[in-house]
Amino acid sequence: MQISLIRPDDWHLHLRDDDAMASVVAHTAERFARAIVMPNLKPPVTTTAMAMSYRERILAALPQNSDFTPLMTLYMTDHLSSDEVIAAKNSGIIKGIKLYPAGATTHSDAGVTDIRRCYPALETMQKEGLPLLIHAEVTDPDVDIFDREQVFIDRHLQPLTRDFPALPMVFEHITTKQAVDFVRANEGRLGATITVQHLLYNRNAMLVGGIRPHFYCLPILKRESHQRALIEAATSGESHFFLGTDSAPHPQHAKECACGCAGCYTAYAAIELYAELFEQVDALERLEGFASLFGPDFYGLPRNRETITLEKREWVAPESYQFGQDRVVPLGSGETISWQLVR
């Protein structure tokens, strides 16, 4: 059995940099035509010049004859200027500005401490039509980690959608039923990406039978009821939900330690894993919309013309991949995957 899709795009991706990036970028380039590349490097990508330089490094690391296109982003800080927003828009290569609440996830220490400080920049983004990409979690230590997305919606996202009604926004890697409901209530104004790990797994996968660090990501996996809501949204055919892997490679030793970092590496088989989920709920005919159509429509970009083919053929995910001078353990390592990309 085979299925063909218009070549998909990944609307949320971490590539890292230098040798580490060179080890993993081909996995994405083989499956996706374009990807929104996250800016949380060290130091973060805070200027148009830095984004242009990072893009050149990505292009240089691609396999020969690859036609993959990285779509760049800037890292929002309390000090982002309107002039920088305009420069980003005029560059033609920057497709969004990423809001990380300070301390919310990996390499987010330089993130926003008070969203109100960013209102001048947000006003310019609204005028220029440059999307705001949101990691929607509060970081207050007194808020339970499983509730941080819901609190962000109530405390910050509702005011943002009220104060900037014409600003395109992407609610990144949604993980709760409340997020699904909020996106639907703001249909036409708000897009949302959904990762494959939040579709295939819930928090039991991470915690039952011992802690499994390679399932640890932020936002964290939630309970099964939220997983069901995400599956229903992703497979609904509604155009405001689209593919974003949030694939985030980390060295094996940095995951398997006393204070392991957050992130799941899925780029090695991302579209295959999404196909597995869509098949499980008898919705394969809706995979193309979610993976290939709704994202470019939201960003105002042309749909891809070429296609990819997936074949129903089992294979076993490797235990690890080279990652610079280290190894990265993919999500699902050693497990059987039922779909394979036809090369």
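Student: Where is Arg 16 found?
Tutor: Arg 16 is found in the loop between β2 and α1 (18–31), where helices (H or I, at least four residues) and strands (E, at least two) are DSSP runs numbered from the N terminus. Before going further, note that this is a predicted model, in which local features need pLDDT of at least 70 and side-chain atom pairs count only at pLDDT 80 or more, while totals for chains, interfaces and linings use all residues. Residues are numbered from 1 along each chain as its sequence is written, and side-chain values use heavy atoms, with hydrogens and water left out.

Student: OK, and what is the phi of Arg 16?
Tutor: Although Arg 16 is not a glycine, its phi is positive, at about 60°.

Student: Is Arg 16 buried or exposed?
Tutor: Arg 16 is buried, because its relative accessible area is 11% and buried means under 20%, with exposed meaning over 50% and partly exposed the range in between (1.4 Å probe, protein chains only).

Student: And Asp 18, what is its phi near?
Tutor: Asp 18 has a positive phi near 55°, and this residue too is other than glycine. Asp 18 lies in helix α1, and its relative accessibility of 51% makes it count as exposed.

Student: Switching to the sheet: what order do its eight strands have?
Tutor: The order is β2-β3-β4-β5-β6-β7-β8-β9 in an open sheet with parallel pairing, where two strands pair if DSSP finds at least two bridges between them.

Student: Which strands stand at the edges?
Tutor: Those are β2 (10–13) and β9 (241–243), each of which has a single partner strand, so one side of each is left without a neighbour in the sheet. Ignoring direction, neighbouring strands of this sheet are turned by 30° against each other on average, with axes taken as lines fitted to C-alpha atoms (for helices over the stretch in contact) and angles running from 0 to 180 degrees between N-to-C directions.

Student: How many bridges do β5 and β6 pair over?
Tutor: They pair over three bridges, in the parallel sense, and Ile 97 stands opposite Leu 132 in β6.

Student: What is Leu 122 in contact with, leaving aside neighbours within four places in sequence?
Tutor: With those neighbours left aside, Leu 122 is in contact (heavy atoms within 4.5 Å) with Met 76, Ile 115, Leu 132, Leu 160, Phe 164 and Leu 167.

Student: Which residues of α4 are buried?
Tutor: In helix α4 (residues 119–128), the residues Ala 121, Leu 122, Thr 124 and Met 125 are buried. Seen down the axis of α4, the buried residues fall within an arc of 160°, so they line one face of the helix; the arc is that of the directions from the helix axis to the C-beta atoms. Their cover includes α3 (82–91), β5 (94–99), β6 (132–134) and α5 (148–163).

Student: How many aromatic pairs does a search of the whole structure find?
Tutor: The search finds eleven, where rings of Phe, Tyr and Trp (its six-membered ring) pair if their centres lie within 6.5 Å, and planes under 30 degrees apart count as stacked, over 60 as edge-to-face and the rest as tilted. One of them is the stacked pair of Trp 11 and Tyr 299, at 4.7 Å centre to centre with 15° between the planes. This pair links distant parts of the chain, with Trp 11 in strand β2 and Tyr 299 in helix α12 (residues 287–299), 288 residues apart. Both Trp 11 and Tyr 299 are buried.

Student: Which residues do ring pairs link into a cluster?
Tutor: Ring pairs link Trp 11, Phe 242, Phe 298 and Tyr 299.

Student: Last topic: which residues does a cis peptide bond with omega of about -5° join?
Tutor: That bond joins Lys 42 and Pro 43, and Pro 43 has its place in the loop between β3 (34–37) and α2 (48–61). A cis peptide bond also joins Leu 218 and Pro 219, with omega about 0°, and Pro 219 is found in the loop between α8 (203–207) and α9 (224–234).
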